[in-house]
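The sequence and the model are shown first.

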Amino acid sequence: MPYQPGSRLPGEYASKIGHLEVLKSPLVQKLCQNFKNPQIPDECKHLGWISIPDEGEPLKFIFGVDGSTQTIRSDISPYSTIAFVKTALLKLDEYKLSKVDKESPHPYVLRDILQESAMYHATAFPLQNVRIEEMSNYDAVRSILFESIKDTSPEMEGQIMETFKWLAYRKWTGKKEPLTYFACPFCYSNAATLPYDSEEGKCPNCSNHLYITDWLGFHQVMTEESAGENIASDYMNIHETLLLFTAIRTYWERKRSILSECLFVKDGPLSIRAQYSKLVQPIRQFLEYAREQGHLIHIIGQEKSGRFFDHFQYIGSDTPNHSLFIPNDAYIRTQIQHRPLDAGAEYGKDTNYGAKVFVKWNDYHKMVLNIPFGEFNANPKLEDLIGYDKIFATIPKILSNRHEGALLPIELAHGIASLSTYPSAKILKLFVEVTRE
């Protein structure tokens, strides 16, 4: 590590020819050669790919959900940080899909779809050096989280909160049980809870005011005067999930027969990490309960980046077209996570409500999908995946040719939810700076 420059003297510079001796090593030369032409390990070449099933009937109604975040930092001291979050839900049907050109969709066709069938939600979180009168940053973020989930605007009408309570209290079971215990944001005891169907209440241990959103545990990654940037992305993932399940809950309560004709498409994996994973078990239980009742809930998540995506790009060129592969726990841990089998729990045991599926339609449409399995299964087979036959019958109808491996519902939902770096970030920054003056 070279010395850094100071106020009087320059920094130390690394040698320009020091690498020559290293490159004389035969081992280093072999590594450099393999860097240019990576070799796929034998254990990744013969994976038991199976043909994509084609016996199912396409689903009639398609829902797509996506979200985006944008963090804005001020240029004025004291430097402040605000995170903006936007999520969107889009509904399509077979007729509307037939109107969309997969290669060059007409902007007016897209406009009509987005105007008639889209809904979105937006909020913002103060992360650092942003003061709200008579409130610490800690309490402000807690309050914003609660109000954002509650969202009684004409667009949402409080339905996201109803879905949150429906999952948290497991209302589909008919049992009226209190909220499972969680860490209080004030006394930190694990005795905090709320009575059945409550949105607010008091901690049984310290009597401080609780929100139902405290159950998720956002306060565990905050201090009194600042919050981490990952709060925005974590909130986005949770809100995307709640948006999707709001559509599912609505049909379940009002017209259950339609559920088996819907496909719900989420941008990103079907997982919720860290302390927020409290939502995973209720989701798994509901999906399994619905399957037992004869109502299959068809959901897919698509991963467009990350370890699984990168691994599929690595092995995908040698795999057959129109085929799929479901990696088991051993394969995921050794070939993708690169950790020993005897270290830690099974992959996704506490966080995932869907299995990973590598799918290759052709050389231009390779994708990493997640499909639910109900109760946790570390080594799922195709028949364990809920509604797999209808899902794979529907995917060809929602493929987009504008991007490799693209799905039209996610592409359209992204157009609503996107907060791009330019120009959106610049506009948000100008807005923040003007409101500070």
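Tyr 120 is partly exposed, having a relative accessible area of 43%. The model is a predicted one. Tyr 120 belongs to strand β4, which covers residues 118–128. Leaving aside residues up to four places away in sequence, Tyr 120 touches Lys 86, Thr 87, Ala 88, Glu 155, Met 156 and Ile 416. Tyr 120 and Ala 417 are separated by 297 residues in sequence, yet their C-alpha atoms are 7.2 Å apart in space.

## Overall content

The protein has 13 helices and 13 strands. It consists of 437 residues, of which 50% count as buried. Among contacts with a separation of 6 or more, 72% are between residues 24 or more positions apart.

## Helix α6 and its partners

Helix α6 spans residues 159–168. How much of α6 is covered? Eight of its ten residues are buried, so the helix is mostly covered. The buried residues are Ile 160, Met 161, Thr 163, Phe 164, Lys 165, Trp 166, Leu 167 and Ala 168. They pack against α5 (137–150), α7 and α8. After α6 comes Arg 170, which has a positive phi near 50°.

Two packed helices are described by the angle between their axes and the distance between the axes.

| Helix pair | Angle between axes | Distance between axes |
|---|---|---|
| α5 and α6 | about 100° | 6 Å |
| α6 and α7 | about 85° | 9 Å |
| α7 and α8 | about 30° | 13 Å |

The packing angle of α5 and α6 is about 100°, and these two helices are therefore roughly perpendicular to each other. On the α5 side, Phe 146, Ile 149 and Lys 150 take part, and they meet Ile 160, Met 161 and Phe 164 of α6. The contact of α5 with α6 contains five nonpolar residues, one charged residue and no polar residues.

With α7, helix α6 packs at about 85°, which makes α6 roughly perpendicular to α7. From α6, the contact draws on Gln 159, Ile 160, Glu 162, Thr 163, Phe 164, Trp 166 and Leu 167. From α7, the residues are His 239, Leu 242, Leu 243, Phe 245, Thr 246, Arg 249, Trp 252 and Glu 253. By class, the residues of the contact of α6 with α7 comprise eight nonpolar, four polar and three charged.

## Helices α7 and α8

Helix α7 covers residues 230–254 and helix α8 covers residues 280–292; the two pack at about 30°. That angle makes α7 roughly parallel to α8. Their crossing is left-handed. The contact of α7 with α8 has eight nonpolar residues, one polar residue and no charged residues.

## Helix α10

Helix α10 runs over residues 329–336, and six of its eight residues are buried, so it is largely enclosed by the rest of the structure. The buried residues are Asp 329, Tyr 331, Ile 332, Arg 333, Gln 335 and Ile 336. Their cover includes α9 (307–315), β9 (323–325) and β10 (354–362).

## Cysteines

How many disulfides does the structure hold? The number is zero. For Cys 184, the closest cysteine sulfur is that of Cys 206, at 3.7 Å, which is too far for a bond, because a disulfide requires the sulfur atoms to be within 2.5 Å. Cys 184 is buried, with a relative accessible area of 0%. Cys 262 is buried as well, and its relative accessible area is 0%.

## Gly 11

Gly 11 lies in the segment before α1 (19–23). Is Gly 11 buried or exposed? With a relative accessible area of 18%, Gly 11 is buried, because buried means under 20%. Not counting residues up to four places away in sequence, Gly 11 touches Tyr 3, Gln 4 and Pro 5.

Definitions and conventions:
Residues numbered from 1 in each chain as written. Predicted model: local features only at pLDDT ≥ 70, side-chain atom pairs only at ≥ 80, totals over all residues. Heavy atoms only, no water. Axes fitted to C-alpha atoms, helices over the stretch in contact; angles between N-to-C directions. Helix = DSSP H or I, 4+ residues; strand = E, 2+ residues; numbered from the N terminus. Parallel < 35°, antiparallel > 145°, perpendicular 65-115°, else oblique. Left-handed = near helix turned anticlockwise from the far one by under 90°. Nonpolar A, V, L, I, M, F, W, Y, C, P; charged D, E, K, R; others polar. Buried < 20%, exposed > 50% of the residue type's maximum accessible area, 1.4 Å probe, protein only. Contact = heavy atoms within 4.5 Å.
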